[in-house]
Amino acid sequence: MQSRTDHRFDPFSPEAAALDNLPMADINWDDPMSFFEALGGPGALPIPKMMEPSHVRQLCKQRSTSITASHDRLRQILDRHELTIQKRWTKKTKNQRLQILLDGWPNMPAAHRPDFAAFRRESEAQRESGTKFKDHFFWPYINQEDLLRPKSLLLMLKSRGRHQPCEFAAADGDAMYLGRITKAIVPGFLNCYVSILNGATGPEEYGKLVAWEEHQDAFEWMHTRKQFLPGEALDILEAQDRVLKFLVHCCKQILRDIPADELLGEKYPIQPEPMLNSGVEPGGFDSLAVMAEEAPYRPPGRLDFAHIESLLAARTAASEDHLWALREDPSYLSGQLLTYKEHRQEMMKDTNNKPHPVLQNLKVDIFWERIIGNVLLSSHIELEVFSELTRQAAELKRLQAKYAGSLSPLKDLPEEYLVAILRFRYFLNQLAKEWLNNLKTTVVASPPMRSLFVRYPAEDLNKIFITSKPSLNMNAVEKELVWLLRTLWEDGQTLFFVRMPMVVDELERLVRAEPKARELISDYVAGRIGVLSIFCECLRQLDIYQPWANGYEDASVDREDGIKRDLVAWREGWAGIHSTMKNKAMLANFKLANPSGKRFFYPNEKRRTKETVEALRQAEANLDAFWEKFDRSLYSQAGDLQRAALGKLLSQNRTLQRTPEWVAPPPQEKTRSTKPAVVSSEDDSIYRPLSTLYFELGASPPSESTITQQPKPKIKTHGAANPTETATTPHQQLADSVTNLTLDHQPTLPVDARALKVFRTLFFQPAITSTPGEVSWNDFLHAMTSTGFRVEKLYGSVWHFQPTALDKERSIQFHEPHPVGKIPFWMARRIGRRLERTYGWGGRMFVLRGKQ
């Protein structure tokens, strides 16, 4: 796996070496300005304004006093009128809301994230000479598009009025990150001092200027970023002062019919705080996109490692199920290969409108080797990546609970906890590169986007060069979409400046808001963006862990080398998988996975006849033959993979469902009341291990070359087990696995008719004359919530389902069909199979409510 480029300053780089030529003798080391001027110039560090302690103290005192007064007034207004404000604001028209906003904040930017737009409009030289968009960089969350939404202003009033300003200090400073790093905002400079904001609640302490020699910890507060440089603190105080005054003004405008002298009088007593739901889509489901949009207006979040672990564990389970399905379902493997084929750049015509030479008959095997190798390699890498991230998240959850009672904003995190956070953060940043690279190769070749790009004629079969079509004039939506995607896949300085979570947020917002952008994102690309969003959400959670998040970079200096060694050691644990995919023996096996010629024709949706069963069995036999060859090549090159997540998966008691031989149903007398005989694959299926070779290695030394079939065991329902029948062989372990799979004692679940129809399709059993149908995605969401799942919309096409009323805690994720919200039958069957594996569900456990 490739590592991401590090755009931070490297003291051993050629750029740093150029600093050796600075005229050091001319620098007055007692004068900070002399040092800044020596480093200044185009492209270098901006030269800040020098400040005096007395002036800084005066400004801090003025702003702190003003902030306290505005905050107290806002709190008193909300104590008495918050419910009235919520009702009135909700009823106002868009124009009425806009009038109130502009009256309190003239020239308010119109669009979401105005700092993002300003960064793209101005050059570096223009920002260095003095940006025209200071307000955009200072207050990116103050804009018409966001605040005109029904809840944004109400959330901001509640959070700012009912929480102390110090709770927002780090978040308000972080909101200016893009402005500072792009030199649009240059805080003033005062050496040898630190300003106190974090944890300071009173006006005398909030913004207090402390000299290094005045407190033994002052210097440490400064360089570990627990507190703030004086210039940064002044910017934060300025931002908070204006925001609180604006919010008080909005309240007065909304309550303008109440005389000012009565607003806080006895006529309006203090009321209980009203509730205000947030983070949900119009359909009522939790939404990562809505939460991201509302984040600037809510109180700063609390780091939730339980939620992080849930997201990562569900993604790990999805990766396991993906590999499981690749081994079990011939049509699934074929579909994955054909989908990826359509996202290969070789499928693009060149500038002469000619196909790539690898598509010629004599070279098409090379093309399929690339497709199969990439699909299988990326599937196995995803399992390793998310298994490791889940393990680290679980450890962080344990450490967070361990030290919960001893953490203080003014103290360092315990060493083992800090190192675990820094390791997790480093792994997230580095491992995201796999998904960024995937976007680079697949977006331009995806069928919806292919018309915007063209391939240069191939001079080398192993090198492909793509460019935008020179004569094509993209519309505004296309330009915005391509810029965001290019920023991600290039992984350059622009992404370093604006940060990956922000770009992914903007990408999701554009796709949700613009139908044209949604049409340009294929189902495959939407899935990759959805997975990338999980990395971004984890990084976002780490970044809100203030005040310690401000000190991550400083804390990494002495610990990063060890963390890098941890990454290398982890990769070595499964490096054999990567190398095996490239050797000649494995490439030869790939011919058995080529879906051409109906090798994996799998009519599972058709009613069972002799011809249908024979087709199913032949496809399954072809699939098993490939994976047997694959496992033997993998074992010969990489061994038992004990350190890899794949080794653990393949050695577990997991089973593949196989079609039994055709047995004709007994003849039936034809009467009006006679129902067609059901040929039940659920009752008569054959089971075999997920990997015969690795399953036997995990249980005991292999004694047979292959397990071809393993009958489904008879299940005892009465009496105790005979001690002599205790599982001692891999075959018996497999039988127990099937027993557990089919006898997970879930209670009967009564559901309404709408949900019952969904589950009957998910767990459909083909009858002689029955025909399967599609499932509406909204009906599927309804069915899952009705059985006790909390549903959360992630980015792209990914939805996260977390059990709340079941006897299992394991979450699961599914992809919404794109672009049409209908689940075809073949996808519904796979969803049902995953629910069966994860929760032991089957079609017979769902009954109509009131009829059980």
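Helix H24 is largely enclosed by the rest of the structure, because 18 of its 21 residues are buried (under 20% relative accessible area, with exposed over 50% and partly exposed in between, for a 1.4 Å probe and protein chains only). H24 covers residues 523–543 of this predicted model. From first C-alpha to last, H24 reaches 30 Å, close to the 30 Å expected (1.5 Å times one less than the number of residues). Helices (H or I, at least four residues) and strands (E, at least two) are DSSP runs, numbered from the N terminus.

Helix H3 (residues 53–91) packs against helix H13 (residues 230–254). Their axes, lines fitted to C-alpha atoms over the stretch in contact, lie 7 Å apart. The angle is about 30 degrees, on a scale from 0 to 180 degrees between N-to-C directions. H3 is therefore roughly parallel to H13 (under 35 degrees). The contact comprises 16 nonpolar, four polar and seven charged residues. Here Ala, Val, Leu, Ile, Met, Phe, Trp, Tyr, Cys and Pro count as nonpolar, Asp, Glu, Lys and Arg as charged, and the others, Gly among them, as polar.

Four strands form an open sheet with mixed pairing, in the order S3-S10-S11-S12. Strands pair if DSSP finds at least two bridges between them. S3 (286–287) and S12 (812–815) are the edge strands, each pairing on one side only. S11 (residues 798–803) runs antiparallel to S12, and four bridges join them. His800 has Gln813 in S12 as its bridge partner.

Residues are numbered from 1 along each chain as its sequence is written, and side-chain values use heavy atoms, without hydrogens and water. In this predicted model, local features need pLDDT of at least 70, side-chain atom pairs count only at pLDDT 80 or more, and totals for chains, interfaces and linings use all residues.

Methods: Angles under 35 degrees count as roughly parallel, over 145 as roughly antiparallel, 65 to 115 as roughly perpendicular and the rest as oblique.
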